Amino acid sequence: MRAQREGSQAVALTVARCRPEVVCAYPISPQTHIVEGLSAIVASGELAPCEFVNVESEFAALSVAIGASAAGARAYTATASQGLLFMAEALWNASGLGLPIVMTVANRAIGAPINIWNDHSDAMALRDCGWIQLYAQDNQEAADLHILAFRLAEQLSVPVMVCMDGFVLTHAVEEIDVADQELVDRYLPPYRPRQVLDPKAPITIGAMVGPEAFTEVRYLAHQTQRQALTVIPRLADEFATVFGRRSASLVSPYRTEDADLVVVALGSVLGTLAETIDELRDDGVRVGALGITTFRPFPTEAVRAALRDGQRVVALERAFSIGSGGVVSQDLRVALAGMDCPLSTVVAGLGGRPITRPSLRQLITQARSAPGDPTAGPQPLVFLDLDRDLLAHG
Amino acid sequence: MAVQRVKFYQTGSFAVGNRLLDPAMRSVQSDATRTNAITSGHRACRGCGEALGARYVLDAAMRATGGKLVTVNATGCLEVFSTPYPESAWQVAWLHSLFGNAPAVAAGVAAALRAKGRTDIRVIGQAGDGGTVDIGFGCLSGLFERDDDVLFVCYDNQGYMNTGVQRSGATPPAARTTTTPVEEQAPGNRFGQGKFVPFIAMAHEIPYVATATIADLRDLEAKVERAMQLRGARYLHVLVPCPLGWGTDASETIRIARLATECGLFPVFEAERGEVTDVNPIRHRVPVEEYLRRQVRYRHLFEPTRRDDLIARIQARADANILRFGLLDEKES
């Protein structure tokens with residue numbers, strides 16, 4: 001049903017329509033409105049016999065989900081920032097055990113210094129933990145991706161994180177069409193676990209594996225996760241058929257066809273970017289954007305297919321690997337191997353700093369200043385809107 | 001007229017006498033149809049108290065639940081020696097997740113079973129003392145506070161034995177571990193105020209808290225059975241001597257556990273909703289020295305020079321327990 005809603009409320013309603021059996025949560029800004037919404041829905045009895053478990057930490061939240069999922073229940077939780085890092089050990093465990101938990105991450109910076117505002121430091125820090133990571137551009141995508149996420153997780157027996165920008169999306173009110181229950185039921189069949197804790201057919205889950213088989217376990221995890229690259233586009237097509245609107249998939253190109261510069265980004269900044277591109281296009285500047293929805297597994301082929309030789313690529317990053325550089329850039333560099341696409345990294349919007357259209361305009365204009373000359377144009381690593389005065393006084 | 005519950009005590013020999021009893025009153029272990037929840041062939045050390053305790057606990061729980069049981073295990077000796085891939089010693093549904101989260105994982109299993117309307121299936125969480133009193137403690141307290149329908153069992157061998165005998169929050173004063181070495185000024189673990197989790201569990205006013213040892217296996221079985229009669233969060237703390245970590249002969253494991261109770265250092269009791277309801281009285285009291293001098297981890301109290309000061313401090317702790325729980329029959333006290 002289409003209505004003006006807060007992003008968190010849309011996600012809570014959508015998750016409820018996915019009929020989770022166990023929801024567990026520990027509050028952390030900016031995730032709170034999602035779990036508040038779900039607790040109200042569960043308390044109303046609408047989701048019965050769903051269990052809402054209030055836990056004592058994020059580590060416990062994911063651990064409860066692990067137990068519930070292993071016992072055959074569809075399990076959901078949500079977190080952000082420090083909470084995601086506090087879960088770190090359990091994240092690896094959930095994927096290692098092949099438990100199809102779905103979790104919302106309301107992306108937020110990591111302290112110190114403590115900062116509750118949006119960037120991607122949290123999810124990027126856990127990109128190698130074996131979870132599929134999907135990044136929503138807007139709240140319609142954020143809500144819809146949860147339906148796809150449950151289907152995907154359960155089909156592959158791999159946990160899925162749906163990342164949505166904290167505050168920018170979670171607390172933004174916009175018109176969102178929350179999927180009808182009947183359609184969700186058509187799209188998402190009941191959870192049938194691959195293996196389950198059943199006293200009648202007892203199995204051992206979580207055995208100790210030594211050097212003789214550990215590599216093979218990781219190899220299989222990689223192969224399974226890579227399957228998502230073919231499964232996600234199929235599920236997105238089916239989503240469009242059932243719900244009558246497109247779903248995000250692996251990547252989303254925007255006006256890239258004749259662009260001589262393409263900005264690659266994840267999350268809500270793609271909205272600002274699209275508007276900036278429209279403005280620049282009106283001025284005759286040939287620029288486009290490539291949104292990455294599926295960051296894990298990394299859609300190498302889809303990225304290559306979306307770009308072509310001669311295009312300059314700017315990775316606009318909401319996180320940063322201290323001492324190294326851009327995080328997304330590393331994957332892009334591998335994906336672009338052998339292509340004539342000079343890559344530069346722009347770190348922007350850390351700790352909630354707004355990424356404005358004027359800043360993006362300036363960035364793109366500078367980056368295009370010397371087309372065809374790889375030594376000109378942007379520096380390999382730029383911090384957008386870096387306040388030199390503040391540094392001087394630091 | 002109040003009816004006193006019949007209790008069976010083990011004395012002298014280390015076997016559980018059954019032959020004179022009515023079959024219905026015999027121990028779970030004496031029953032040929034017992035589950036063998038943790039079956040033979042696992043890799044525990046010779047004389048392992050934890051392996052023995054876990055077998056009795058789970059077989060008793062399997063009988064009490066008619067085999068409808070799911071087990072969640074923390075990382076630790078019990079997990080490592082029972083499941084080296086591709087082997088498993090478990091003949092119950094069994095899940096191992098992490099070291100510090102077994103209570104939360106067990107709560108998750110219980111939540112799933114509630115959601116599925118399968119509350120006939122019961123849940124046991126189990127961990128060593130590290131997984132219970134230290135790294136898993138936050139999750140354990142959460143489990144108690146929510147009163148999730150889980151029996152959580154701590155097999156307490158008073159240290160991190162799986163990693164090579166390091167100190168835990170359950171290591172007693174003066175005990176030598178690899179991280180509480182014996183030096184002139186530092187005679188093993190410090191004399192702190194201790195961290196006796198059964199008391200902390202009682203402070204949560206959960207339906208059932210009990211302690212037990214592997215020296216009294218009938219008592220252990222009875223407590224598991226009692227715990228499974230109740231719903232909600234229940235806690236069982238079992239003392240399980242560790243020949244490797246304590247420096248005792250493998251044949252002495254049960255004797256050591258019995259001496260721990262008979263000297264008063266390890267009180268055996270039951271509590272419901274925060275109140276002690278029963279204690280196992282000491283029938284042959286021994287001085288703590290009897291218990292301490294059989295263990296290499298306390299050798300520095302006797303050699304090269306006898307440390308009467310430290311032995312007296314340990315004796316004082318035992319005496320305090322005896323007083324606090326009324327562990328001595330009136331005629332002896």
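Chain A and chain B bury about 2,800 Å² between them, with 65% of that area on carbon and sulfur atoms. Keep in mind as you look around that this is a predicted model. The size of an interface is often given as the accessible area lost when the parts come together, and here the contact draws on 36 residues from chain A and 36 residues from chain B.

Three salt bridges are found between chain A and chain B. In one of them, the side chains of A:E51 and B:R114 meet at 2.9 Å, N to O. On the side of chain A that touches chain B, the elements giving two or more residues are β3 (51-54), α3 (58-70), α5 (88-96) and β9 (204-205) of chain A. Of these, α3(A) gives the most, with eight residues. Sorted by kind, the residues on this side of chain A come to 23 nonpolar, seven polar and six charged.

Now for the cysteines. A disulfide is a covalent bond between the sulfur atoms of two cysteines. How many disulfides does the structure hold over all chains? It holds zero. For A:C18, the closest cysteine sulfur is that of A:C50, and at 12 Å this is too far for a bond. A:C18 counts as buried, at 1% relative accessibility. A:C24 is in no disulfide either, since its nearest cysteine sulfur, again that of A:C50, is 9.6 Å away, where a disulfide needs the two sulfurs within 2.5 Å. A:C24 is buried too, with a relative accessible area of 0%.

Moving over to chain B, find helix α5, residues 137-146. Its buried residues are B:C139, B:L140, B:G142, B:L143, B:F144 and B:R146. An α-helix has 3.6 residues a turn, so residues three or four places apart point the same way.

A last stop in chain B is B:T213, which lies in strand β5 (residues 208-213). Is B:T213 buried or exposed? It counts as buried because its relative accessible area is 2%, below the 20% cut-off. The side chain of B:T213 reaches the backbone nitrogen of B:A215 at 2.9 Å. Leaving aside neighbours within four places in sequence, B:T213 is in contact with B:L220, B:V238, B:L239, B:A257, B:T261, B:F266 and B:V268.

Key:
Residues numbered from 1 in each chain as written. Chains lettered and ligands numbered in written order. Predicted model: local features only at pLDDT ≥ 70, side-chain atom pairs only at ≥ 80, totals over all residues. Heavy atoms only, no water. Buried < 20%, exposed > 50% of the residue type's maximum accessible area, 1.4 Å probe, protein only. Contact = heavy atoms within 4.5 Å. Buried area = accessible area lost by both parts, 1.4 Å probe. Salt bridge = Lys/Arg side-chain N within 4 Å of Asp/Glu carboxyl O. Helix = DSSP H or I, 4+ residues; strand = E, 2+ residues; numbered from the N terminus. Nonpolar A, V, L, I, M, F, W, Y, C, P; charged D, E, K, R; others polar. Polar contact = N/O pair within 3.5 Å; in protein donor to acceptor, adjacent residues only side chain to side chain.
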